[in-house]
Amino acid sequence: MIGGVVSQRISGTPQGSSLSPLLSNVVLDELDKELELRGHRFVRYADDLIIQVRSNESAKRVYSNIKRFIEGRMLLSVNESKSKVCLCSSLNYLGHRILRDGSRGLSQSSEERFRSKIRQITRRNRGISFSLLLGEVNRLVRGWLNYFCYARMQKKLKRLTSWLCRRLRCFRLKQCKQGKGITRFLVSCGIPKWRGLLLGCSHKGWFRKSGSPQANEAMSLAWFREVGLILPIDYYRHAFRETAQYESTLGGVRVQQR
């Protein structure tokens with residue numbers, strides 16, 4: 001779609017198409033053979049490539065040599081804005097960062113993109129029921145964590161879960177519209193009426209109300225589980241346990257579950 005008009009594609013492949021990694025493997029097979037011939041340790045996924053060396057001087061030398069090979073021999077262009085020499089700990093590869101022990105973690109940019117999508121879904125001016133909103137959040141959480149289930153990010157997910165629940169509390173309180181509605185909702189969740197009146201008569205903003213003790217007690221983690229929300233920390237623990245059990249069956253490799 002170019003300017004809202006369907007147009008014929010004359011170059012490139014659609015974003016997310018299975019043809020893109022297939023063509024990358026065909027075209028870049030020569031690069032793989034060259035890196036193996038030079039004895040480099042590398043990881044390549046489609047057109048994303050990491051080459052690991054022991055020193056900064058070696059990294060600069062390998063970077064210039066491989067760039068010369070790609071542009072001079074293979075007649076391909078290197079995206080210099082995304083290519084650099086850096087430590088593994090500061091690397092962002094396919095949304096992951098490499099931790100000091102060699103395991104995978106969650107990059108800061110991936111976390112910010114997830115928060116941005118949640119903010120977009122949980123906008124308080126959306127005219128949508130709370131159940132439909134939970135369905136959209138669940139689809140996002142499920143797909144996002146299925147991709148990042150190998151990353152070590154339990155502490156981050158605890159903070160993300162707390163932040164997500166507060167966004168949803170804010171949305172649900174806003175749906176009550178007036179103080180009477182807030183009081184009625186809190187009472188239905190088991191909060192004493194006098195405490196519900198305190199929050200219902202408050203002149204604070206919606207986000208500040210969502211952080212109140214009454215809102216946290218009424219819409220606790222157990223309440224969110226009952227209404228059908230997939231909590232990120234719960235889904236991550238389940239997905240990581242499943243992937244760890246699967247890996248432990250491959251080649252007799254023993255995997256320590258975290």
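The exercises below concern salt bridges and one serine in a predicted model.

**Exercise 1.** Determine which kind of side-chain interaction joins Arg38 and Glu34, and describe how the two residues are placed.

*Solution.* Begin with the distance: the side chains of Arg38 and Glu34 come to 2.8 Å, N to O, and since a salt bridge requires a Lys or Arg side-chain nitrogen within 4 Å of a carboxyl oxygen of Asp or Glu, the pair is a salt bridge. Next, place the residues on the chain: both lie in helix α2 (residues 29-38), and because they are four residues apart there, about one helical turn separates them. Finally, consider accessibility, where Arg38 counts as partly exposed because its relative accessibility is 35%, whereas Glu34, at 17%, counts as buried.

**Exercise 2.** Find which elements are linked by the salt bridge of Arg195 with Glu217, and classify the accessibility of both residues.

*Solution.* The closest N and O atoms of Arg195 and Glu217 are 2.9 Å apart. Arg195 belongs to helix α8 (residues 193-200) and Glu217 to helix α10 (residues 213-218), so that the pair, 22 residues apart, links distant parts of the chain. Arg195 is buried, because its relative accessible area is 18%, while Glu217, with 43%, is partly exposed.

**Exercise 3.** State how many salt bridges the model contains, and say how Glu111, Arg115 and Lys156 are linked.

*Solution.* The count of salt bridges comes to ten. Turning to the three named residues, Glu111, Arg115 and Lys156 are linked in a network of salt bridges.

**Exercise 4.** Describe the surroundings of Ser103, and decide whether Ser103 is buried or exposed.

*Solution.* Locate the residue to start with: Ser103 sits in the loop between β3 (96-98) and β4 (104-106). Its relative accessibility is 15%, and therefore Ser103 counts as buried. Then list the neighbours: leaving aside residues up to four places away in sequence, Ser103 touches Arg97, Ile98 and Arg152. With Arg152, the side chain of Ser103 makes a polar contact, side chain to side chain, at 3.2 Å.

Terms used: Residues numbered from 1 in each chain as written. Predicted model: local features only at pLDDT ≥ 70, side-chain atom pairs only at ≥ 80, totals over all residues. Heavy atoms only, no water. Helix = DSSP H or I, 4+ residues; strand = E, 2+ residues; numbered from the N terminus. Buried < 20%, exposed > 50% of the residue type's maximum accessible area, 1.4 Å probe, protein only. Polar contact = N/O pair within 3.5 Å; in protein donor to acceptor, adjacent residues only side chain to side chain. Contact = heavy atoms within 4.5 Å.
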